[in-house]
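Have a look at the model first.

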Amino acid sequence: MTPGINEGADRTTQERMVPVAGFSWTRFMAVLKKEFIQTKRDVPSVIMAVVMPVVMLLLFGYAVNTDVDHIPMVVWDQSMTADSREVVQALRNSTYLDPDQYVQGYGEIEDAMNSAKARAALIIPPDYGKAIQGGDTATLQVFVDGADPTTARAALSAVQAVGTERAWQLQSERMNLQGLGGAIGRPIEVETRVWYNPEMKSTLFNIPALIGLILQNVIALLTAFSLVREKERGTMEQLVVTPIRPVELLLGKLVPFVGIGFVAFAVALLMAIFWFDVVPQGSWVLLILLSILFLVTILAIGLLISTIASTQIQAMQMTVLLVLPSILLSGFIFPRETMPLFLQALGGMIPLTYYITIMRGIFLKGVGLEYLWQDTLILLVFLVGILTLAMKKFKKNLD
Amino acid sequence: MWAIETKQLTKTYGERGGCQGISLQVPRGSIFGLLGPNGAGKSTLVKVLVGLLHKTSGEATILGRPVTDVSARRRVGFLPENFRYHEWLTGEDLLRLHGVLFGLSAREMEERLDKVLNQVGLAEKRKQKVGTYSKGMQQRIGLACALLPDPELLFLDEPTSAMDPVGRKEVRDLLLQWQAEGKTIFLNSHLLSELETICDQIAVIKEGQLLYQGDWRALAKRPKQVRVVMDEAELERARMLGVKMDDVTPVAESLEDLFLAMVAGQ
């Protein structure tokens, strides 16, 4: 080796030291361009970003329906009078119960309940009409299938409400007959107003939360898969050995998923508005800004999963590990307040929990940051925490 | 200054494997061969040196800079053993991506692109997608990637494993040419006959430990046997009298002999 070559090499060395330091837009844009082409070519992922929100919204939007009405009921009307028909009609009018099937005897009632053809049974005694007309106390018997507590509670409160209302009417009529009419009204009148969701439609409650769940599932899965796939195939090594900085590589790889996330969000939002008629009552700007915050948090979770998993199967299993508690513990279906403290705490460790509160706040109550700042702040803390951890692990991820 | 210098370099995976306490000096401008049986820790060592793995302890510098320094990578080319490239990129696009990541200017890019594509014999196929390349061609485009930033130090992990004999010869010639240009080449190969013809120095590792480092010819220069060529009829007389011999050649040990003896613990 000649001294000349050596000197030349050293000079090049000095010249080349300079541009590596700091963030390079050129390198970032090069990775970004490559990722965009790659994402565009990854048709299944793009389809997943569009189709999964639609399918999940339709599936969950209709299946996760906690509205209990039209409970099938059998009637054993032993009285067969105008009064007994009146009480059956009052139950039907409540829409909570469908007292459409008439039976004779306890045996048939048992059959109907055992075979789940009926969830409730009404027994009207033979002397019902006589007792009503004669001013005596009439007794109605109701059986409720308590296997499903939600349905049972709804049936019970419906028959009780109808019973009370009918009793009060009769009482008034009897007093009128005795010349006491007009002298007395109801001793207590309870006036109720249901806020935010006056018709108490469960879609109104579920859809905003569902958008969060869909975003989480689609984006965490796609991000984790894309990064793990590159690791699995060994193409990541080619990039890592270049002078690229981890932050340039990471941002370049993640930005396309912000795009995909936005597509999924937009699809879900449009479905919510135009299909389910669930329209946000609050600020659109706030809705979009906080959704971006959530989206980036989920990207960070996807990234974290990709740094831990070494195969796509593992990434899949870890995502499922996130999805299941999200459905159960985030308040998506079941209210967190009624859970044991331990489960409440566990649910508190899922970012979706806070995004659901935010979404319901903006969609149903139309509230702003003055009420949502705590949840927003917690989401921010999650983002910073998860991102820091993921970046740290990403830097070391080939170890 | 050494092109590569390590002091007690250790990289272990939990309790097991990797390489332990490797102290190595690779002279600048040399072609250096790394040898060792399967699972000896060769790839681990290379991966630590190119920055794909973090060392557990010890020191390692390349071109006078710590391996953790990203700026050192600017002057290093690497061809991995299991080369995999984005199959949907054309050969040229793949090189351009690498060029940008290495910070080549537009002018440098055009110059270097033509040069390396010609050198590895892919100039005609530059517009073809990498996915359509044969294994050997993919290895060539990998070599082109490693060479594109005009590195001072090249790490080549089994650079001819997918090539036919003609391709191997071409790559051997290229390595010698690059050495003449002043580049240091760190070769990791199983093909001992190949290393024998081009390597100045070798290092042998086994079970993560460095067994030998130096000029292998110095070891092999001590002949233990001679090869005698003579007429058959003369053989009997020669035995008696020690008459005319046509040729006496000291039989030097081949690199393969040395390597096998070393890993067998002799």
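## A helix pair in chain A

α8(A) and α10(A) run roughly antiparallel to each other, a label used for angles over 145 degrees. Helix α8 (residues 202-233) of chain A packs against helix α10 (residues 246-274) of chain A at about 155 degrees, their axes 10 Å apart. The crossing of α8(A) and α10(A) is right-handed.

On the α8(A) side, the contact includes Ile207(A), Ile211(A), Ile214(A) and Leu215(A), while α10(A) brings in, among others, Phe257(A), Ile260(A), Gly261(A) and Phe265(A). Contact here takes C-beta atoms, placed from the backbone, within 7 Å. By class, the contact of α8(A) with α10(A) has 15 nonpolar, 2 polar and 1 charged residues.

## How the model is set up

This is a predicted model, where local features need pLDDT of at least 70 and side-chain atom pairs count only at pLDDT 80 or more, while totals for chains, interfaces and linings use all residues. Residues are numbered from 1 along each chain as its sequence is written, with chains lettered from A and ligands numbered from 1 in the order in which they are written.

## Domains of chain A

Chain A splits into domain 1 (28-64 + 200-395) and domain 2 (71-177), with bounds from an automatic or database domain assignment. The C-alpha centres of these two domains of chain A lie 49 Å apart.

## Positive phi in chain B

Most residues other than glycine have a negative phi. Gln8(B), in strand β1 (residues 2-13) of chain B, has phi near 50 degrees, a positive value. Asp150(B) also has phi near 50 degrees, and sits in the loop between α5 (135-147) and β7 (153-157) of chain B.

Conventions:
Axes are lines fitted to C-alpha atoms, for helices over the stretch in contact, and angles run from 0 to 180 degrees between N-to-C directions. Helices (H or I, at least four residues) and strands (E, at least two) are DSSP runs, numbered from the N terminus. Angles under 35 degrees count as roughly parallel, over 145 as roughly antiparallel, 65 to 115 as roughly perpendicular and the rest as oblique. A crossing is left-handed if the near helix is turned anticlockwise from the far one by less than a right angle, and right-handed if clockwise. Two residues are in contact if their C-beta atoms, placed from the backbone, lie within 7 Å. Ala, Val, Leu, Ile, Met, Phe, Trp, Tyr, Cys and Pro count as nonpolar, Asp, Glu, Lys and Arg as charged, and the others, Gly among them, as polar.
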